[in-house]
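Please keep the sequence and the coordinates at hand while reading.

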Amino acid sequence: MMLPNAVPVSWYLILSAILFSMGVAGFLIRRNIITVFMCIELMLNAVNLSFVAFSYELKKIDGQLFTFFVMVVAAAEAAVGLAIILTVFRHRMSLEIDDVSSLKN
Amino acid sequence: MNSLFPTSADFIRFAPEIVLTVVGTLLMLLEPLTGDGKGEKPQLRWLAIAGLALAMAAAIFAYGDPGPAFNGMLLVDGFGTFFSVLVIGTGLLTVFCAQDYLIREKQENGEFYALLLFSIAGQCIMATANELIILFIGLEISSISSYILAGFLREDRRSNESALKYFLLGSFATGFLLYGVAWIYGLTGSTNLATIQATLAAGGVNPRLLALSAALMFVGFAFKVSAAPFQVWAPDVYQGAPSPVSAFLSAGPKAAAFAIFLRVFTTAFGSMADRWAPVFWGSALLTMIVGNFAALRQDNIKRMLAYSSIAHAGYVMVAVTSHSTVGTAAAMFYLASYAFVNVGAFAVVSYVAAKGEKHVGIGDFAGLAARQPLAALVMTIFFTSLIGVPLTAGFFGKFYIFKAALDAGMVWLTVLGLLNSAVAAYYYLRVIVVMYTHEPSVAVNELEPASSGLQFGWVAAAAATLALGIFPSALLEFASRAAILR
Amino acid sequence: MPESLAQQYFPLLVQILLAVLVAGGMVAAGLLIGKKVKNRVKEMPYECGMTPTGNARERFSVKFYLVGMLFILFDIEAVFLFPWAVVFRELKLFAWFEMVTFVVLILAGFFYIWKKGALDWTQTETSKAHKPPTALDLMLSDELEVAGRR
C-alpha cells in the first residue's frame with residue numbers, strides 16, 4: 001500500500017543513524033559485557049532498518065533480502081558471543097568488562 | 001541479465017569453498033564418533049590436511065578458467081586465486097604446527113579442524129568476493145570461526161579473555177562495515193563492486209554521504225587488519241589465544257582482510273583515491289609507529305609478535321596508500337611472505353611455551369640454539385625475514401613496498417617507514433641474541449624434541465621464506481599480473 | 001484516501017488513547033472500589049498460584065542458556081525458507097536441490113549437538129538413583145556446569 005504522504009524515507013534513515021549512534025555510544029560507555037553485546041546488536045539492527053528504507057526508496061527488493069543475511073549472521077554471532085561470555089563468567093564470576101584484564105605486560 | 005540457474009562453471013569457480021565446507025562439516029560429524037578420550041585424533045588431522053590440499057588444488061584448477069560466478073557475485077581472477085591459495089596454504093601450515101600443541105593440551109579434536117576449515121572457507125569467499133554482501137558474509141564466516149578458535153582452550157583464563165575481546169571488537173567493527181555497505185547500497189543502488197565503480201565514476205552521488213560511507217567501511221576494514229587507530233584488540237587477542245591460533249589469526253584472516261580492503265578501495269572507490277589516500281597515509285604511519293615502538297617494550301614474546309604484526313600491517317598499508325598496480329602487487333607479495341614467517345614464528349613459540357603456555361617470556365628462549373638447534377635456526381630465519389635482511393622474503397617485501405611508495409611520490413612516508421624498520425630490527429635481534437649467546441633457561445632445558453609434523457611445519461615455512469627471498473621474481477611476476485583489478 | 005500525515009495517523013492516535021483510557025480506567029476502578037487487604041500471602045510473588053519456592057534471584061542451570069542459544073540459531077535459519085517459498089514455483093527442481101543442501105547442513109549441525117549431548121538434560125554422575133531429578137535439583141547441583149562436556 002503506497003500512501004501519497006507516507007513518512008519520508010529520510011526519517012527512517014535518521015532514526016537508523018540515531019540507533020546506530022546509540023549502539024556505538026553504548027559500546028564505548030557501558031561496562032557490563034551483556035549490555036555491550038546488546039549495543040552491538042542494536043548497531044546491526046539499525047543497519048537493517050537502513051537496508052529496508054533504502055530498498056523501499058530504490059524500489060528494489062534486494063535490500064530486504066540483505067536483512068535476512070544480517071539477521072542470520074547476528075544470530076550466529078549472538079550464539080557464539082553468549083557462549084564466550086558464559087565461559088568468561090565461569091572463570092571470573094563477574095560480567096564487568098573491567099574485570100577481564102589479565103592480559104597485560 | 002544472466003540466467004538464474006548456475007552453470008557448471010559457477011560451481012567450478014566456487015569449488016574451493018565447497019570442498020572446505022563439506023570436509024569441515026564431515027570433521028564436525030566425525031568428531032563425536034571418533035576418539036579414545038586421550039585427546040588425540042590423527043585420523044581427523046589427516047582428513048583436514050587432505051581437505052585443505054584438495055581445496056588448494058580446486059582453487060588452482062578454477063584459475064584455469066577465470067571469470068565471474070553466480071551472476072557476478074564472485075570473481076575468480078588472479079588476485080582472488082592468489083589470496084585463496086595463500087590462506088589455504090596458511091591453513092595447511094597451521095595444521096602441521098598445531099598438532100604438538102593440541103596433543104599436549106589434550107585438545108586435538110574435530111572441532112578445531114572444522115573451525116579452521118570453515119574460517120578458511122570464509123577467507124576464500126572474501127578473496128574472490130565481487131559483491132559487498134558476499135564479502136560481508138565471507139568476513140563473518142571467517143570471523144565467527146576465529147572467535148571460537150581464539151577461545152579454544154575453554155579452561156584457560158587467557159584464552160577466554162582473548163576470545164571475548166576479539167568477539168566484542170570484531171563484531172563492533174562488523175557493525176561499522178555493514179553500515180557503510182548499507183549507505184553505499186542506498187547511494188548507488190547496488191552492492192556489486194563493478195556497478196558501484198561505474199556509478200561513482202559517472203558522478204552525481206552526494207560527495208559528503210559517499211565520504212561518510214567510505215569512512216565507515218574504512219573503520220571496519222582497519223579493525224580487521226589491525227591498522228591504527230583501530231589496533232587495540234590485536235595485542236590482547238594474540239597474546240591470549242593459543243599460540244597456533246595466534247599464528248593463524250595473524251596470517252590468514254589478516255591476508256584475506258587486506259584482500260577485500262585492496263579490492264574495494266582500488267575498484268569501487270578507485271575514482272576517489274585522492275580523497276582517501278591522505279587518511280591511509282596517516283593510518284599507515286601511525287600503525288608502523290605504534291606497532292614498532294610498543295613492541296620494543298614487550299617481554300612476552302607473543303605480545304611482541306602481536307605488536308610486530310601491527311607494524312607489518314602498517315607496511316602493507318603503505319602499499320595500499322600508493323594506490324597503484326605496483327603497490328597492490330607489493331602488498332600481495334608482502335602478505336604472502338609475512339604469512340609463512342609469522343605462522344612459523346608462532347609455531348616455535350608454541351613449542352618453547354610448553355604445557356599451559358608457561359614459558360612465553362623472551363628470557364625463556366635463552367640458549368635455545370644449544371639445546372634445540374633446529375628451532376633456533378628456523379626462528380632466526382623468521383626473525384631476519386621480519387627485520388628485512390636480504391636473502392629472505394621480508395627484504396623483497398619491504399623493498400617492493402617502499403619502491404611502490406616512492407613511485408607514488410610518497411617520499412616522507414618511505415623515509416619514516418625505513419626508519420621504523422630500523423627501530424624494529426632491535427627487538428627482533430634481541431631475541432636472536434638471547435637464543436644464541438645466553439645460558440639455556442629452565443624452559444629450554446625441559447623441552448622435549450619436536451614431533452616430525454611440527455618440524456615439517458617449521459622447515460616448510462623457513463624454506464618458503466628463503467625461496468621467496470632468493471627467487472622472488474616468479475611470485476612477483478604473478479602478483480604484478482594479478483594486481484590489475486577491474 | 002486521507003491526505004496529510006496527521007490524518008493518516010489519526011486512527012493510531014485514537015487507538016493509543018483508547019488503550020490508555022481502558023487500562024488506566026481499570027487500575028483506577030480497582031483503586032477506588034476495591035478492598036485493601038495487606039498480609040503476607042498477598043505480598044508474596046505470584047507463581048501461577050503455587051507457594052513460591054526459594055529466592056527469585058536463583059541462578060539457573062547453564063543448560064537453559066545453551067538451549068536458548070541453540071534455539072536462536074535454528075529458529076533464525078528458518079528465515080531463509082520464506083524467500084525460498086516465494087520463488088519456489090519459478091525455480092522448480094533447482095530450488096528443491098538448494099533447499100535440500102541447506103537442510104542437510106542444518107541437520108548436520110543438529111546431529112553434532114545431539115551427539116555432543118547438548119540436548120541431554122539428565123544427570124550423568126550425581127544423579128539420584130531412586131528418583132529422576134527435578135528441575136530444582138538440576139539448578140542447585142550443576143548451575144555452573146557447561147553442558148555437553150563429556
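## A helix pair in chain B

H4(B) and H20(B) are oblique to each other, a class that holds what remains once angles under 35 degrees are set aside as roughly parallel, over 145 as roughly antiparallel and 65 to 115 as roughly perpendicular. The axes of helix H4 (residues 78-104) of chain B and helix H20 (residues 452-470) of chain B cross at roughly 140 degrees and come within 7 Å; axes here are lines fitted to C-alpha atoms, for helices over the stretch in contact, and angles run from 0 to 180 degrees between N-to-C directions. Helices (H or I, at least four residues) and strands (E, at least two) are DSSP runs, numbered from the N terminus.

On the H4(B) side, Leu93(B), Phe96(B), Cys97(B), Gln99(B) and Asp100(B) meet Gly453(B), Leu454(B), Phe456(B), Gly457(B), Ala460(B) and Ala461(B) of H20(B), where contact requires that the C-beta atoms of two residues, placed from the backbone, lie within 7 Å. By class, this contact between H4(B) and H20(B) has seven nonpolar, three polar and one charged residues, with Ala, Val, Leu, Ile, Met, Phe, Trp, Tyr, Cys and Pro counted as nonpolar, Asp, Glu, Lys and Arg as charged, and the others, Gly among them, as polar.

## Basis of the model

The model is predicted, and local features need pLDDT of at least 70, side-chain atom pairs count only at pLDDT 80 or more, while totals for chains, interfaces and linings use all residues. Residues are numbered from 1 along each chain as its sequence is written, and chains are lettered from A and ligands numbered from 1 in the order in which they are written.

Chain A has three helices and zero strands, and its C-alpha atoms fill a box of roughly 60 × 25 × 25 Å along the principal axes.

With chain B, 31 residues of chain A are in contact with 32 residues of chain B. H7(B) supplies the largest share of the chain B side, 16 residues, and that side divides into 14 nonpolar, 10 polar and eight charged residues.

With chain C, 14 residues of chain A are in contact with 15 residues of chain C. Helix H1 (5-33) and helix H3 (62-77) of chain C are the elements that give two or more residues to the chain C side, and H3(C) gives the most, with seven residues. The residues of that side divide into 11 nonpolar, two polar and two charged.
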